[in-house]
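Let's take a walk through this structure together, one piece at a time. Keep the picture open as you read.

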Amino acid sequence: MEAENMELKLYNTMTQQKEVLIPINPGKIGLYVCGITAYDFSHIGHARAAVSFDVLYRYLLHLGYEVNFVRNFTDVDDKIIKRANENKEDPFELSKRFCKEYLVDMEALQCLEPTHQPLVSEHMDHIIEMIKKIIENKCGYEAGGDVFFSVEKSPNYGKLSGQKLEHTRAGERVAVDSRKLNPADFALWKAAKPDEPSWESPWGPGRPGWHIECSAMSAHYLSPKFDIHGGGADLIFPHHENEIAQTCAACEDGGVNYWLHNGHVTINNEKMAKTLRNFKTIREITERYHPLALRHFLMSAHYRSPLSFSESQLDSSSEALYYVYQTLQDLEEGLLPYREAMDEDGGKAEQTAEAKEVINKLKTEFEAKMLDDLNTAHILTGAYQDALKFINASLGKLKKMQKKQRMSLLVSLVEIEKAAREVLEVLGLLTTLSYAEILKEMKQRTLTRAELTEEAILQKIEERIAARKNKEFEKSDQIRAELTVKGIALMDIGKETVWRPCFPSQANSSN
Ligand SMILES: [Zn+2]
């Protein structure tokens, strides 16, 4: 694709339309994404936000931008304090522990490390400074050790979420704090309560309200005005609405150019909630499914669409990815015998016209989808599948070909592999391991799900061979069918029978 066509369009929640990304500083992007409140293992909703914005980050890097990516950790919060008290644990120890666990999950999901991952507790000075400015600018007021933001002083309040100020008052179930000038006013600073961590401030000891941290940290690490702010759609109101109000009240030219929000995850089409006991942590899922399969599943819908989690969706993702890695692994092996010849004569050979076409289509289709608001749904289908088909078809032909023709196909295959691999890299669907090692890890998860050992499967294969020798075909078919239901396919390759993961289904058992 020509460089001038590489315009990235992103859906901006603020303007409710797709807009071409134009950075404030050419070639550079400031990106802030709201992180987690660290008090427990992270769930699949957190994984979706992380992967959605990791795809954005990776794609911006792919387009050649220098990206300053900030994702915070909330380590001062009611939920952390409550959980720490239940555990009889220091709240900072608790949050530190779960920050670490989050990073383990992020690494497994191949989410690149942001440029900065600030903690609220380490930015108290910046937070207090910002609150002071808000008060100076007459947009905040103190009331008995608490500080509130005055929403009426914020002319654009409600613009991001489309909430009207009068509506934010209606239907309030909680009794309104009588010290608030407007019921919609929110806390910038909360006076200290007994047995809670607190910091000294001009308004007495206390701790920040939730929203101010993101305003203070984005202004500190980026600038009051920056390019892209991301987060889950559930954060639009009140969190992001309040962030805008705070930053603009504290800094004259504050603001965000593009607001991006990812959709939520449901479990089997039900809302995910701890009370429904359908809460899925990343850790629970990646015990049974490869983290790359989870990542593939999270990218299988457009990032703004809702996404319904089910094991069968993960089975589909596992199967699709396994086929991709297996094909690329077969290619790697298929090229091995010709490596020496390619080193000698490869430089003179030219790619076939068909291969050029396959590569061109693969690249064009990939960029077109990604430039259109990061449309990762069905990303490894279409031209990508055509490329895999081309590889599989070519591998069978190599042996029988004439030397010159063969060299031309070999250099073509090398280029196709590069193009296919680059797509996987931009999407974060590779690790530092080889294809063979990733396949092995995926097989291991298949065994876990099937509750079988490798030995047990080999035993079944032996039984099937024996049955076939005795012409007990019904028995041999039954052995195969039983394994297919558990997501294990037996493949007869030449005289050998091997097993591979497959979509666990009754329907597949006959073929
Ligand atoms: Zn935030």
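## Starting with a sheet

Strand β5 (residues 140-143) runs antiparallel to strand β6 (residues 146-149), and the two pair over 4 bridges. Strands and helices here are DSSP runs, numbered from the N terminus: a strand is E with at least two residues, and a helix is H or I with at least four. Two strands count as paired if DSSP finds at least two bridges between them. In general, strands of a sheet pair through backbone hydrogen bonds, either parallel or antiparallel.

Before going further, a word on what you are looking at. This is a predicted model, where local features need pLDDT of at least 70 and side-chain atom pairs count only at pLDDT 80 or more, while totals for chains, interfaces and linings use all residues. Residues are numbered from 1 along each chain as its sequence is written.

Back to our pair of strands. Ala143 has Asp146 of β6 as its bridge partner. β5 and β6 make a hairpin with 2 residues between them, and Gly144 in the turn has a positive phi of about 55°. What does β6 pair with besides β5? β6 also pairs with strand β7 (residues 186-191), in the antiparallel sense and over 3 bridges. There, Phe149 stands opposite Phe186 in β7. Move on one more strand and you find β7 and β8 paired, antiparallel again, over 3 bridges. Trp189 has Pro208 of β8 as its bridge partner.

Put together, these 4 strands form an open sheet in the order β5-β6-β7-β8, with antiparallel pairing. At the edges sit β5 and β8 (206-208), each pairing on one side only. From one strand to the next, the twist averages 20°. Helix α4 (residues 124-136) packs on this sheet and touches β5, β6, β7 and β8, and its direction makes about 105° with that of β5. For such angles, axes are lines fitted to C-alpha atoms, for helices over the stretch in contact, and the values run from 0 to 180 degrees between N-to-C directions. Touching, or being in contact, is said of two residues whose C-beta atoms, placed from the backbone, lie within 7 Å.

Now follow the chain out of β6. Lys153 lies in the loop between β6 and α5 (165-169). Leaving out residues up to four places away in sequence, Lys153 touches Lys138, Cys139 and Ala249. Lys153 and Lys138 are 15 residues apart in sequence, and their C-alpha atoms are 7.8 Å apart in space.

Next, have a look at a pair of helices. Two packed helices are described by the angle between their axes and the distance between the axes. Helix α6 (residues 212-221) packs with helix α7 (residues 236-250) at an angle of about 50°, and their axes are 8 Å apart. That makes α6 oblique to α7, since angles under 35 degrees count as roughly parallel, over 145 as roughly antiparallel, 65 to 115 as roughly perpendicular and the rest as oblique. On the α6 side the contact is made by Ile212, Cys214, Ser215 and Ala219, and on the α7 side by Glu243, Gln246, Thr247 and Ala250. Helix α7 also holds Pro238, and the peptide bond from Phe237 to Pro238 is cis, with omega near 0°.

Two loop residues are worth a stop. Asn269 sits in the loop between β11 (265-267) and β12 (270-271). Phi of Asn269 is near 65°, a positive value in a residue other than glycine. Asn269 is exposed, with 9 other C-beta atoms within 10 Å. Glu451, in the loop between α15 (435-450) and α16 (454-469), also has a positive phi, near 55°, and is a residue other than glycine. With 8 C-beta neighbours inside 10 Å, Glu451 counts as exposed.

Finally, step back to the whole chain. The protein chain has 17 helices and 15 strands, and 39% of its 511 residues count as buried. Its C-alpha atoms fill a box of roughly 85 × 50 × 35 Å, taken along the principal axes.

Conventions: Buried ≥ 20, exposed ≤ 12 C-beta atoms within 10 Å, placed from the backbone.
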